Amino acid sequence: MISFELSEEQQIVRSTMAEFGKTVLAPQARRLDTDSCIDDGVLAELWSTEIIQAQAEAVEEEAGSRSPVTNAIILEELGAADATLALAMASTMGFVQAIADQGSAEQRARLLGGFAGETFQAAAVAMMEPRFGFDVSRFQTKADKAGDDYIVRGVKAMVPLASRCSHFLVVAEADGAADAFIVPLDAAGVTVVEPKGALGLRALEMAEVAFDSVRVPSSMRLGEGNGADVQRIIDSARVGISSILAGLSRGVMEYVIPYTKERIVHGAPLAQKQAIAFNIADMHIDVEAMRWLNWRAAWALEARQPATRTAQLAYTYAGQQAMRIADDGLQAFGGHGFVKAHPLELWYRNARSLSVLEGAAGV
Amino acid sequence: MDFTLSDDHKALRDSAHVFLDKEVDLGPLLKPGATVADVDYAGLWKKIVDMGWPGMVVPEVYGGLGLDYVDLIMVVGEMGRTLAPAPLFGALAGVWSVLAAGSEAQKTQLLGGVVGGNLSLALAIADADGGYEAPGRGVSAEAAPGGYRLTGSKSFVVDAASADKIIVAAVLDGERRYFVVDRTASGLEVELVAWRDITREVATVRLDKVPAELLSGSAEDAWPFVRDRLYLVLAAESAAGAHAALDQAVEYAKQRVAFGRPIGAFQAIKHQLAEIAGQGECANVAVQYAAWALSEGDPRASLAVAMAQSYNSEAYRDATHRNIQVFGAIGFTWEMKNHLFYKRARCNAELLGAPASQREQVIQILEREAA
């Protein structure tokens with residue numbers, strides 16, 4: 001039955017994450033961006049939310065704790081505080097969720113325990129590839145059958161926290177179709193390339209990871225004999241990123257509103273000028289639109305309904321709107337917008353990075 | 001959180017879909033100079049009355065179906081998808097006005113008439129400048145033996161020409177009150193406006209000492225109640241219309257070949273279609289959320305409907321603009337339906353105030369919440 005009410009649990013998660021984001025994460029965002037690194041203390045704070053542990057520990061019957069809708073809520077709140085840290089969380093969450101969701105019983109038993117401990121453990125879905133013209137329907141990374149094993153060859157790009165990951169879920173073409181393979185960081189032939197730096201999401205240490213004829217046993221093919229539903233992993237990733245973009249956009253709006261009330265121009269607060277006031281109304285409407293589209297896609301994932309179209313629309317839409325909102329927010333601050341005294345330039349760079357993370361959203 | 005439409009919702013939508021596909025014929029409008037007079041407004045309405053739609057939102061206590069707003073958008077969406085030329089907008093505006101401003105006796109009598117199919121209503125509230133602000137200037141009321149008399153004019157009155165009775169907002173002792181007049185009353189003149197959306201009847205109503213009955217529960221909050229619901233109606237029409245525009249454009253883009261390929265294979269076309277699809281999904285969810293909020297009496301309902309109306313107006317306008325672009329020259333010929341959708345989109349965006357006025361409301365609501 002149609003309902004737009006969050007469950008009590010989701011409301012609690014939302015307010016808890018909002019508070020955590022505002023008080024713990026947001027104040028550290030600038031420092032992390034400057035350092036281009038997330039220190040262990042911040043990662044420990046992220047881990048203390050126990051979101052990933054709960055998803056790793058959830059047994060089949062408690063699939064609710066891996067709810068894509070709840071994940072979307074969490075990532076929006078974290079995104080409102082800092083998109084980089086939200087993505088650090090989303091990246092590991094994506095790996096854990098894929099294993100929990102699609103892994104065989106043995107894979108779940110073997111791997112999920114590593115994400116239920118007391119210290120931060122990164123992992124990532126290694127999807128993107130470092131070449132012009134990459135798109136998620138054609139992978140050049142190949143997994144060729146060799147006896148009982150697969151040999152994985154290729155290079156993955158923009159892998160968050162790559163050197164800290166214990167495992168990668170490598171999406172590769174196997175026997176003409178996309179499939180996913182669980183590869184430990186320390187497997188022979190895996191090399192993490194030194195991060196080259198980026199426009200935004202700088203602290204995420206996104207790096208290329210090379211897989212040079214890495215031998216992966218069949219038991220580490222996600223889902224083992226059944227293989228993986230890679231599209232579902234892509235859909236989940238898109239909803240995750242678009243939720244972070246919705247959060248980032250909301251963060252811009254919430255930062256701009258008090259400033260425009262205080263800043264006097266031509267004898268009246270900026271907020272009383274229609275050009276600004278209407279921009280803020282548009283921001284509010286667009287953030288709501290992004291959120292509902294995200295939740296619509298997340299709900300489809302949760303209900304195991306076809307989600308690809310909505311997830312793609314949500315990601316593309318959020319990428320476009322977040323860029324406009326980040327730009328309008330920066331514009332509202334005028335000269336103050338592009339100096340580091342305010343976070344707008346940081347958010348602008350992060351929005352730009354998120355919106356092209358999967359390749360140009362416009363393509 | 002659950003986006004699942006119930007089986008009842010789907011059944012209602014599907015029956016409306018089948019019915020309107022069969023009954024709506026826009027053919028007579030696809031010729032140069034066509035006006036709303038060229039379609040059988042009254043004939044379609046009679047069949048719609050037989051379906052019971054005018055009584056959908058009338059509470060059961062007055063004999064109606066007492067359906068909620070999610071039910072309503074199932075039907076209104078189909079009306080929007082097909083551009084069904086029939087006075088449902090006016091009927092709903094009238095019903096909600098009576099619900100907001102009528103006494104129990106008036107509700108029983110007037111709404112009973114609507115449900116029974118014997119009475120169609122319209123609401124005259126906008127002034128000549130298109131403003132809806134209270135108390136309004138267009139019509140004044142004066143006490144007269146046995147009731148009141150109204151003098152003045154109201155503009156942009158949807159479905160006045162086909163109504164039996166018109167609810168008129170008039171100024172009495174400096175405040176806006178709501179009155180009922182007979183459309184055939186002496187001194188009342190309904191003049192159809194050359195409204196560009198020729199699937200909808202819009203008129204100017206002039207009154208010269210027209211006998212009127214005061215809706216005795218009239219109060220200032222009647223209009224916000226009615227307006228919020230009419231926002232939902234327009235937003236639902238717009239969301240469905242945007243989807244229709246997308247479907248038509250997609251179909252055409254698959255068939256039309258240029259430079260040896262279907263035009264849908266060119267990025268310049270398919271990106272436009274993807275844009276419409278994204279906005280269309282947002283519009284759809286916005287209207288479902290607004291309908292749910294109104295049905296639940298959620299405190300966010302006024303914000304939700306204002307956002308839906310603002311967003312969906314622009315989404316529909318963009319969708320129909322791009323739709324014509326995809327069709328190219330043939331898209332703005334009289335014999336194609338494209339221009340009808342564009343005109344509906346353009347008019348929906350202005351009928352209850354431009355999207356800017358809803359943005360103004362959004363700002364006001366947010367400021368109230370923040371205070």
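Colleague: What area is buried between domain 1 and domain 3 of chain A?

Modeller: About 2,100 Å², with carbon and sulfur atoms giving 56% of that. Keep in mind that this is a predicted model.

Colleague: Which residues of domain 1 lose the most area to domain 3 of chain A?

Modeller: A:Arg30, A:Pro68 and A:Glu76, which together account for 28% of what the domain 1 side buries.

Colleague: Where do the domain bounds fall in chain A?

Modeller: The assignment puts domain 1 at 8-120, domain 2 at 124-226 and domain 3 at 230-355. Taken over C-alpha atoms, the centres of domain 1 and domain 3 of chain A are 21 Å apart.

Colleague: And how many residues does each of those two put into the contact?

Modeller: Domain 1 of chain A gives 23 residues and domain 3 of chain A gives 27 residues.

Colleague: Now the polar side. How many salt bridges cross the interface of domain 1 and domain 3 of chain A?

Modeller: Seven salt bridges are found there. The interface of domain 1 and domain 3 of chain A also has 12 residue pairs in polar contact, both residues at pLDDT 80 or more.

Colleague: Which elements give two or more residues to the domain 1 side of chain A?

Modeller: Helices H2 (29-35), H5 (68-81) and H6 (83-102) of chain A. H5(A) provides the largest share, nine residues.

Colleague: What's the breakdown of that side by class?

Modeller: The domain 1 side that touches domain 3 of chain A has 12 nonpolar, four polar and seven charged residues.

Colleague: One more pair: what is the N to O distance for A:Glu77 and A:Arg250?

Modeller: 2.9 Å, in a salt bridge between their side chains.

Key: Residues numbered from 1 in each chain as written. Chains lettered and ligands numbered in written order. Predicted model: local features only at pLDDT ≥ 70, side-chain atom pairs only at ≥ 80, totals over all residues. Heavy atoms only, no water. Domains from an automatic or database assignment. Contact = heavy atoms within 4.5 Å. Buried area = accessible area lost by both parts, 1.4 Å probe. Salt bridge = Lys/Arg side-chain N within 4 Å of Asp/Glu carboxyl O. Polar contact = N/O pair within 3.5 Å; in protein donor to acceptor, adjacent residues only side chain to side chain. Helix = DSSP H or I, 4+ residues; strand = E, 2+ residues; numbered from the N terminus. Nonpolar A, V, L, I, M, F, W, Y, C, P; charged D, E, K, R; others polar.
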